[in-house]
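Student: Please take one part of this model and go through it closely. I would like to know what surrounds it and how each term is defined.

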Amino acid sequence: MDKQVWPGKSHPLGATWDGQGTNFALFSENATAVELCLFDDQGHQTRVPLKEIDNYVWHGYLPQVGPGQRYGYRVHGAYAPEEGLRFDPSKLLLDPYAKAIAGDIQADASTFSYAVDEAADPDRDLMLLPQDDTAAMPRCVVVDPAFDWEGDAYPDTPWYRTVIYETHVKGFTQQHPDIPENLRGTYAGLAHPAAIEHLKSMGVTAVELLPVHHFTANPGHLAELGLRNYWGYDSIGYFAPYSGYSASGIYGDQVREFKGMVKALHRAGIEVILDVVYNHTGEGNHYGPTLAFRGLDNPAYYRLVDDAPRYYMDFTGCGNSLNVRHPQVLKLIMDSLRYWVLEMHVDGFRFDLASALARELYEVDSLAAFFDIIHQDPVLSITKLIAEPWDVGEGGYQVGNFPLLWSEWNGKYRDSMRDFWRDQDCRLGEFAYRITGSSDLYQANGKQPHASINFITAHDGFTLRDLVSYNEKHNEANGEANRDGESYNRSWNCGVEGETDDPEVLQLRSQLQRNFLATLMLSQGVPMLLGGDEMGRTQQGNNNTYCQDNQLSWFNWTLRPDDQTLLEFTQRLIHLRQEHPVFCRRHWFQGREIHGSGVLDIGWYNPDGTSVTDEQWHDDDVKAIAVFLNGEELMSPDSRGERITDDSFLMYFNPHPEPLEFTIPPSLIRQCWQMILDTKEPTGFVNGDQTYCASQAIPVAGRSMVVLHCENCFESERENGG
């Protein structure tokens, strides 16, 4: 059936419904013709040529076409891979600006522009084999953006008060017994009171969600193994929330459901940070399928090898890299980011392999156009911006080098703390930098401690329980003969590989988990907790569960007694951090007294109470240390400019296998100290009845830590004339 087409406008890009009809606009610099394909409820297709072109944007307005309409594109042009052109009008293409995409891309030979069965021929992609892939492709959906936010307000949690919980929309709720079965694994499931109550009970202030941009869930190599892309790091639609996480079967309803999730989390005071993948797409290398960008305008959207444009530059290890040097690609990224903030109300972003976005040529440039644009953007510059500061290209490890406004996943913190608690390869100086916010990485750049996103574990790697249970990765379930995943994990199995009934091993593993959690939450900087670590989640030694959309990855909410105890410990630990500003300082330690308490703002001591010497900071054999935090010497005032004071704390760290006795430093012996935390104890926290004064010896078990507390001790001393 013929459709009436008016000229329409070249902006905004995508499908925009105005209440009367829908404007369609698509960028392609090198196309010779563009057809809009509309689908009815029976799947019948109507092709509508878009004949208006402005600034390489093909556009048209269709009256009476509104929300729920399914569509895609066919783009005509030359198929000349050796020139970088890969147009193939037999392919139904997704709209890069689609606000919703209904369904998954199916693993099918028809999505490829060449004969995939000629696997032995390295030049197979040079010969076009037209195949209509309509049956294998999902449809884009026109959406109605209207939504009742009911006065939704961004929590706007200050960075220094932020505690991040990294989790997966589906995995977090898929097996939760208190969430209705039809809502499990969905945005609505994460918005359910049972899910939010768990987050609130811990005191986390933000959820960092693994990718929710629509992604390729069924790439061929996984489909052949009966597996799926679970993590979602192969984006194909940067405006569309993944439809597989929607509880509704209505086309486009995932947008409303996502907004409902954000609104519910905001009401609970919890921010939403999205893990975003703007460095590559799910189309892979030159042997990959033609799904969207490749067929829309390959040389515009992708970074091609300069003297061999048949091939893709690959800074990501995923086959391609988006061409951030092209103005339209920069516009796509910025439009997408603004959309998620302004229309979907998210609070920030964690950028996957962010170094790849800085590559204007080959080197990583911290002043690349991408970062300059974000810095001056009035919307994005005030959101939470987190970089994964590395990629797989040369010079890609850029921890500490991202510009102002950016915080970073601090891989050096992770590695140092893992080494410290397994009593290997971590000098005291390294430990001191990491626990105080990594000033060596960030202070010279004008940043504050919140630039460091501290973490022990993340989605990529062992869970915390597996970190103390396995020396080696066990990724056989991934179907790659255990070759995938990181081989050097800085883990320790406590003497037995994997599951065991040995009570001594189990006790030690529990103790080490408490060590890691306590160190993380009592370090300066922003802590990030991997979802499930608070209750002993295991992946059975698999450190790369990207393709395990099953019980190996999903949270198990049936807690053993030890898991419940660990959860309660984590809850108390985060609340301890949140109650005491001395653990989440806004500014760096000065190593001196500031407000006249007579004692430095931070102190470093040996077990015998003497100060750590310059030589000891670099001595490989010195590991045990006492750290004093002076609550009377906080530099930052409160929001009204009033001085903040806090209690003071002594933290004793003993990574050695043998027990040690610590002595209170001479400058602190006039105060009495209560023990509040001892990680050798099953509950972690102690009742505080044990008080230490003067030069009493304080026992600290092997591979454990102890925290002592002194309530306003120096303030009291000044009031008494001390």
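Tutor: A polar atom in the side chain of Thr316 lies 3.2 Å from the backbone oxygen of Asn320. That side chain also reaches the backbone nitrogen of Cys318, at 3.1 Å. A polar contact is a pair of N or O atoms within 3.5 Å; within protein, one atom must be able to donate a hydrogen and the other to accept it, and residues adjacent in sequence count only if both atoms are side-chain atoms. The model is predicted, with local features needing pLDDT of at least 70 and side-chain atom pairs pLDDT 80 or more, while totals for chains, interfaces and linings use all residues. Residues are numbered from 1 along each chain as its sequence is written, and side-chain values use heavy atoms, leaving out hydrogens and water.

Thr316 sits in the loop between strand S18 (308–312) and helix H7 (327–342). Helices (H or I, at least four residues) and strands (E, at least two) are DSSP runs numbered from the N terminus. With a relative accessible area of 5%, Thr316 is buried. Buried means under 20% relative accessible area, exposed over 50%, and partly exposed in between, using a 1.4 Å probe and protein chains only. Apart from neighbours within four places in sequence, Thr316 is in contact with Asn279, His280, Ser321, Leu353, Ala356 and Val392; contact means heavy atoms within 4.5 Å.

Gly317 belongs to the loop between S18 and H7 as well. Gly317 counts as exposed, at 56% relative accessibility, whereas Thr316 is buried. From C-alpha to C-alpha, Gly317 is 9.6 Å from Gly284, and the two are 33 residues apart in sequence.

For comparison, consider a helix elsewhere in the chain. Helix H9 (residues 411–421) is mostly covered, as nine of its eleven residues are buried. Among the buried residues of H9 are Tyr413, Met417, Phe420 and Trp421, and Asp415, Arg418 and Asp419 are also buried. At the start of H9, a side-chain oxygen of Asn410 comes to within 3.1 Å of the backbone nitrogen of Lys412. Just after H9, Asp423 takes a positive phi of about 60°.
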